[in-house]
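Please look over the sequence and the model before reading on.

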Amino acid sequence: MLQEKTDVVVLGAGIVGVSTAHAARQRGMSVVLIDRREPGSETSYGNAGIISSGSITPLNNPSLWKSLPKYLSNRHAALRWNPLWAVQNAGWVARFLADSSASRLRPRAAALHGLIGASAILHREWIVKAGAGHRIRETGWLKAWRSDAVAAAKKEQALLAEYGIASELLDRQAISALEPDIVPVFKTGLLHTETASVDSPGAVVKAYARMFAGAGGDIRQADVKAILPDGERWRVVLGSGEMPARHVVVALGPWSADILRPLGYRVPLAFERGYHREFKPNPARTLRRPIYDIDGGFIMTPMEQGIRVTSGVELTDRDAPSSFAQLDQVVPLARGVVEFGDAVGDAWRGARPTLPDSLPMIGPAPRHAGLWLAFGNQHIGFTTGPATGTAIAAMIDRAAPPYDVTPFAPTRYI
């Protein structure tokens, strides 16, 4: 059992939890980070490794309405959905669609811009301090269309420019100059020049965790059963006992709603399930940066072990059986862009936690002092983790966060 002096217990050792723990320790607090697995082994492991300056447009934006007909067929690689899940979660779906109105776009884009901008600065600082600077690439990332989509690319470029985010519009020849080893299947491209990427997001999270531990933080591997208020403190119930703490941070990603339900919080959390598979690279045909094939509905990115192909969104229950239909659909398309060999290891599946407005919860729980919520970062969790955690640590320390956290207040839903 921990001593009474413990200031903060952080639940969840993904990018958000590790970032929160590290930021709190930087402020001099005694911190314990708890997860059932090693840091960076769940949702934070399986992503495209992008630190994306330009991911300010939520999935539920006005253009979603134009895409709905193809998505309703339930055959598109970018989105698959479980009809039973949709019926059982009709309220969430209705809220999600309502937030795709034009009037809701820019307030959310501005909120995400503040969060992403602060995170990008922290990532670039922390990755060097954590001894993982060799893992970051400052080569941007490329959004590419197989169709003649100059109008769509220019529209996105204009929105990015409103927030001072640089990008370059590319034609087929410019794409080939940028990525000379790929097959010239793309007609239009938009290069996000201020975006970075890493060659192993799981390894980066582990490096941040080692940095936290090296600064005196405590990492424990245990199952979290419950969190119980105890006067002005908290008791964290584990499979092997209990831990007292002054503050508890819930950063459990897609499992966050479960731990909060016994306290009376009904969090409208859904899950963007996603898959990836890695393949042996061809050293003579390399990728320089992540490429998002818009028409194909997938991302391919160079990783430490090879080429990682990530599929689109699958909306279903968090723990439903895996369906590799989307991944099987896009791997041949990826092979038509860049040469790679056999698969390395098994396919991976994860569940990215998403709230109806596509913004995370960052802040205090409304009815319990000392309880803090940091989850719902959807498919940009790796990008936004550091600033999410830094804001939580600042608020615990009664200091101002590095950006406006008002749009992320948990009170908007609970």
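In which crossing, left-handed or right-handed, does α5 pass α8? The crossing of α5 past α8 is left-handed; a crossing has that hand if the near helix is turned anticlockwise from the far one by less than a right angle, and is right-handed if clockwise. The model is predicted, local features need pLDDT of at least 70, side-chain atom pairs count only at pLDDT 80 or more, and totals for chains, interfaces and linings use all residues. Residues are numbered from 1 along each chain as its sequence is written, and side-chain values use heavy atoms, with hydrogens and water left out.

**Helices α5 and α8**
- Two packed helices are described by the angle between their axes and the distance between the axes.
- Helix α5 spans residues 105–129 and helix α8 residues 201–214; they pack at about 70 degrees with axes 9 Å apart.
- Because of this angle, α5 is roughly perpendicular to α8 (65 to 115 degrees; under 35 is roughly parallel, over 145 roughly antiparallel, the rest oblique).
- Axes are lines fitted to C-alpha atoms, for helices over the stretch in contact, and angles run from 0 to 180 degrees between N-to-C directions.
- Helices (H or I, at least four residues) and strands (E, at least two) are DSSP runs, numbered from the N terminus.
- His123, Trp126, Ile127 and Lys129 of α5 meet Val204, Tyr208 and Met211 of α8, where contact means heavy atoms within 4.5 Å.
- This contact of α5 with α8 has five nonpolar, one polar and one charged residues.
- Ala, Val, Leu, Ile, Met, Phe, Trp, Tyr, Cys and Pro count as nonpolar, Asp, Glu, Lys and Arg as charged, and the others, Gly among them, as polar.

**Helix α1 with α8**
- The axes of α1 (residues 15–26) and α8 come within 9 Å and cross at roughly 25 degrees, so α1 is roughly parallel to α8.
- The crossing of α1 and α8 is left-handed.
- From α1, Ile15, Val18, Ala21, His22 and Arg25 make the contact, and from α8, Val205, Tyr208, Ala209, Met211 and Phe212.
- By class, the contact of α1 with α8 has eight nonpolar, one polar and one charged residues.

**Helix α1 with α11**
- α1 packs on α11 at about 35 degrees, with axes 7 Å apart, and passes α11 in a right-handed crossing.
- Residues of α1 that meet α11 include Ile15, Val16 and Ser19, and among their partners in α11 are Gly381 and Phe382.
- The contact of α1 with α11 divides into eight nonpolar, seven polar and no charged residues.
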